[in-house]
Amino acid sequence: MKAINEMRLQIESRSVNEAFARSAVAAFAAQLDPNIEEISDIKTAVSEAVTNCIVHAYPETMGKIYIWAGIFENRTVKIKIKDKGCGIADVKQAMEPLFTTLGGERAGLGFAVMESFCDRIKVSSKVGKGTTVTLEKRFEGR
């Protein structure tokens with residue numbers, strides 16, 4: 001199925017850019033006239049995915065985060081958040097709630113949060129090449 005509208009965004013992996021990415025995707029998705037809960041869900045999921053890029057993909061350096069969002073006729077928004085960072089060795093393990101490679105203040109709930117706020121999430125990754133997180137949410141609207 002082809003998107004009826006789409007956007008692309010490229011940002012640096014700076015923590016100050018997380019809010020911008022979240023707001024930009026939410027503003028794009030707003031054309032579907034979502035209710036407040038739906039737009040909040042998208043913002044939260046995008047925030048988690050971008051934060052994962054910032055914290056995990058580029059832990060020692062600055063890198064690029066690539067965001068694509070598409071709107072489909074069935075009132076679905078699909079968002080791809082991609083990095084070219086270190087990648088994830090075991091995606092299945094990384095998606096388990098409470099699993100984190102960093103410890104400390106990290107709760108290891110990023111993927112669980114994304115799953116709870118979206119209808120579908122797909123994660124593909126290659127060590128040394130990067131990670132792509134695809135989020136899908138269908139809006140019921142007001």
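This briefing walks through the fold of one protein chain, starting with the overall layout and ending with two residues in close-up. The model is predicted. The chain has 4 helices and 5 strands, and reading from the N terminus they come in the order β-α-α-β-β-α-α-β-β. The strands make up an open sheet, and helix 1 packs on that sheet.

**The chain as a whole**

- The chain has 142 residues, and 45% of them count as buried.
- Take the contacts in the chain with a separation of 6 or more: 66% of these link residues 24 or more positions apart.

- In what order do the 5 strands of the open sheet sit? The order is 1-2-3-5-4, and the pairing is antiparallel.
- Strand 1 and strand 4 are the edge strands, since each pairs on one side only.
- On average, neighbouring strands in this sheet are turned by 10° against each other, if you ignore direction.
- As a bit of background, strands of a sheet pair through backbone hydrogen bonds, and the pairing can be parallel or antiparallel.

**Strand pairs, one by one**

- Strand 2 (64–72) and strand 3 (76–83) are antiparallel partners, joined over 8 bridges.
- Within that pair, Ala-69 stands opposite Ile-79 of strand 3, and Ile-71 stands opposite Val-77 of strand 3.
- Strand 2 and strand 3 also form a hairpin, with 3 residues between them. In its turn, Arg-75 has a positive phi of about 65°.
- Strand 3 and strand 5 pair in the antiparallel sense too, over 8 bridges. Here Val-77 turns up again, this time opposite Lys-137 in strand 5.
- Strand 4 (residues 120–126) pairs with strand 5 in the antiparallel sense over 7 bridges. One spot to look for is Ile-121, whose bridge partner in strand 5 is Leu-135.
- Strand 4 and strand 5 form a hairpin with 3 residues between the strands, and Gly-128 takes a positive phi near 85° there.

- Does the span of helix 1 agree or disagree with what its 13 residues should give? At 1.5 Å a residue, helix 1 (residues 17–29) should span 18 Å, and its end C-alpha atoms are 18 Å apart, so the two agree.
- Helix 1 touches strand 1, strand 2 and strand 3 of the sheet, and its direction makes about 175° with that of strand 1.
- The buried residues of helix 1 are Asn-17, Glu-18, Ala-21, Val-25, Ala-26, Phe-28 and Ala-29. What covers them includes strand 1 (5–12), helix 2 (36–57), strand 2 and strand 3.
- Helix 2 lies across strand 1, strand 2, strand 3 and strand 5, and it runs at about 10° to strand 3.
- The two helices pack against each other as well: helix 1 and helix 2 meet at an angle of about 145°, with their axes 9 Å apart. Their crossing is right-handed.
- On the helix 1 side, the contact is made by Glu-18, Ala-21, Arg-22, Val-25, Ala-26 and Ala-29. On the helix 2 side, the residues involved include Ile-39, Ile-42, Val-46, Val-50 and Ile-54.

- Glu-136 sits in strand 5 (residues 130–138). Is Glu-136 buried or exposed? Its relative accessibility is 18%, so Glu-136 counts as buried, the cut-off being under 20%.
- Setting aside neighbours within four places in sequence, Glu-136 is in contact with Thr-76, Val-77, Lys-78, Cys-118, Asp-119 and Arg-120.
- Gly-130 is found in strand 5 as well. Gly-130 counts as buried because its relative accessibility is 8%.
- Which residues does Gly-130 touch, not counting residues up to four places away in sequence? They are Asp-83, Lys-84, Gly-85, Gly-87, Ser-124 and Ser-125.

Definitions and conventions
Residues numbered from 1 in each chain as written. Predicted model: local features only at pLDDT ≥ 70, side-chain atom pairs only at ≥ 80, totals over all residues. Heavy atoms only, no water. Expected span 1.5 Å × (residues − 1). Buried < 20%, exposed > 50% of the residue type's maximum accessible area, 1.4 Å probe, protein only. Contact = heavy atoms within 4.5 Å. Pairing = 2+ DSSP bridges. Axes fitted to C-alpha atoms, helices over the stretch in contact; angles between N-to-C directions. Left-handed = near helix turned anticlockwise from the far one by under 90°.
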